[in-house]
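Q: Can you walk me through this model? I'll ask as I go.

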Amino acid sequence: MSETLLEARGVGKRFGALVAASDINFRLGIGARHALIGPNGAGKTTFINLLTGVLTPTQGQVFLNGDDVTAVAQAERVKRGLARTFQINRLFRGLSVLENVYIPVSEQLGAAPTMFKPAGRRKDVIDASMNLLEMLHLQDVAARKISELPYGRQRLVEIAIALGLAPKVLLLDEPAAGVPSSESHIILDAVARLPKEIAVLIIEHDMDLVFRFADRITVLVGGKIFAEGTPKEIAGNPDVRAVYLGQAAHG
Ligand SMILES: Nc1ncnc2c1ncn2[C@@H]1O[C@H](COP(=O)(O)OP(=O)(O)OP(=O)(O)O)[C@@H](O)[C@H]1O
């Protein structure tokens, strides 16, 4: 495998008596296109929260760029190149698309707004923000308020915000959740166009998206890794079909 950017070694999480994640070993290398799938309650979001520092593991360690970040705060992990989107969107609904993206980009370029330099004025930040919006085909709605956009486009703005943090690793938690099927192709197209140098881990129930996007798939069941392999291996694995894919196809 290529150089490891993000690694979990024997990671686990208990909530009281409930074991939400147990002994997870996982690696994400440069340029990875990796999907994490599994039934509801399998521990996928818990695992992402452990990787990003929202939760502290009760077992094991997390490494970012070879450094042990198990005890490192979430914001510091973002600074070190780990960005994510959430299952439920967290946008500023009353602000425009450009204003939402301006915020992380200004942080990244060291141009965070101050009393003397109000937000929205720096040309370099606006240019960089517009480049991101173009990458996600959002340039035409840059001036629109989030609340005026169809839900699929709102989800793309979340991806633009995460990219605005200039990540080396991007974790996408169900980017197509809640998006009507008539719009879901725009999410699929956007994730397919993400810059190759960014390693991507996606949690998604839409198997069409997963199998088109991923070159590697991990199946989580009951907080444990149930199977890992290429899309072909996973699709052809009868145990995976029994516990998840059959169910996903019908659900
Ligand atoms: N903060 C918490 N406190 C207690 N239990 C939790 C907490 N977060 C998650 N859990 C439990 O941990 C288990 C794993 O949940 P998690 O949300 O990680 O699953 P998931 O695979 O992401 O599910 P889904 O596909 O439905 O989003 C579930 O039984 C859930 O109820």
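Q: How do the residues of the shell around the ligand divide into nonpolar, polar and charged?
A: This is a predicted model, where local features need pLDDT of at least 70, side-chain atom pairs count only at pLDDT 80 or more, and totals for chains, interfaces and linings use all residues. Residues are numbered from 1 along each chain as its sequence is written. The shell has 4 nonpolar, 6 polar and 1 charged. Ala, Val, Leu, Ile, Met, Phe, Trp, Tyr, Cys and Pro count as nonpolar; Asp, Glu, Lys and Arg as charged; the others, Gly among them, as polar.

Q: Which residues are around the ligand?
A: Phe15, Leu18, Ala20, Gly38, Asn40, Gly41, Ala42, Gly43, Lys44, Thr45 and Thr46. The cut-off for being near is a C-beta atom, placed from the backbone, within 6 Å of the molecule.

Q: Which element gives the largest share of that shell?
A: α1, with 3 residues. Both β2 (18-29) and α1 (44-52) supply at least two residues. Helices (H or I, at least four residues) and strands (E, at least two) are DSSP runs, numbered from the N terminus.

Q: Switching to domains. What are the bounds?
A: Domain 1 is 1-81 + 167-250, and domain 2 is 90-166. The bounds come from an automatic or database domain assignment. Their C-alpha centres lie 26 Å apart.

Q: And how many residues does the contact take from each domain?
A: Domain 1 gives 12 residues and domain 2 gives 11 residues. Contact here means C-beta atoms, placed from the backbone, within 7 Å.

Q: Which helix has the largest share on the domain 1 side?
A: Helix α6 (residues 184-192), with 4 residues. By class, the side of domain 1 that touches domain 2 has 8 nonpolar, 2 polar and 2 charged residues.

Q: Now Leu156. Where is its place?
A: In helix α5 (residues 151-164).

Q: Why does Leu156 count as buried?
A: Because 25 other C-beta atoms lie within 10 Å of Leu156. Buried means 20 or more such atoms, exposed means 12 or fewer, and partly exposed is in between; C-beta atoms are placed from the backbone.

Q: What is Leu156 in contact with, leaving aside neighbours within four places in sequence?
A: Leu136, Leu138, Ile186 and Ala190. Take Leu136: it is 20 residues from Leu156 in sequence, and 6.8 Å away in space, C-alpha to C-alpha.

Q: How far does α4 reach?
A: Helix α4 (residues 123-135) has 13 residues and reaches 18 Å from its first C-alpha to its last. That is close to the 18 Å expected at 1.5 Å a residue. The expected span is 1.5 Å times one less than the number of residues.

Q: Which residues of α4 are buried?
A: Val125, Ala128, Ser129, Leu132 and Leu133. They cover an arc of only 140 degrees around the axis, so they sit on the same side of α4. The arc is that of the directions from the helix axis to the C-beta atoms. These buried residues pack against α3 (97-108) and α5.

Q: What does the face turned away carry?
A: The exposed residues Lys123, Asp124 and Asp127.

Q: Backbone check. What is the phi of Asp23?
A: Positive, about 50 degrees, although Asp23 is not a glycine. Asp23 is found in strand β2. With 15 other C-beta atoms within 10 Å, Asp23 is partly exposed.

Q: And where does Glu174 lie?
A: In the loop between β7 (169-173) and α6. Phi of Glu174 is near 50 degrees, also a positive value in a residue other than glycine. Glu174 counts as buried, with 22 C-beta neighbours inside 10 Å.

Technical notes
Contact = placed C-beta atoms within 7 Å.
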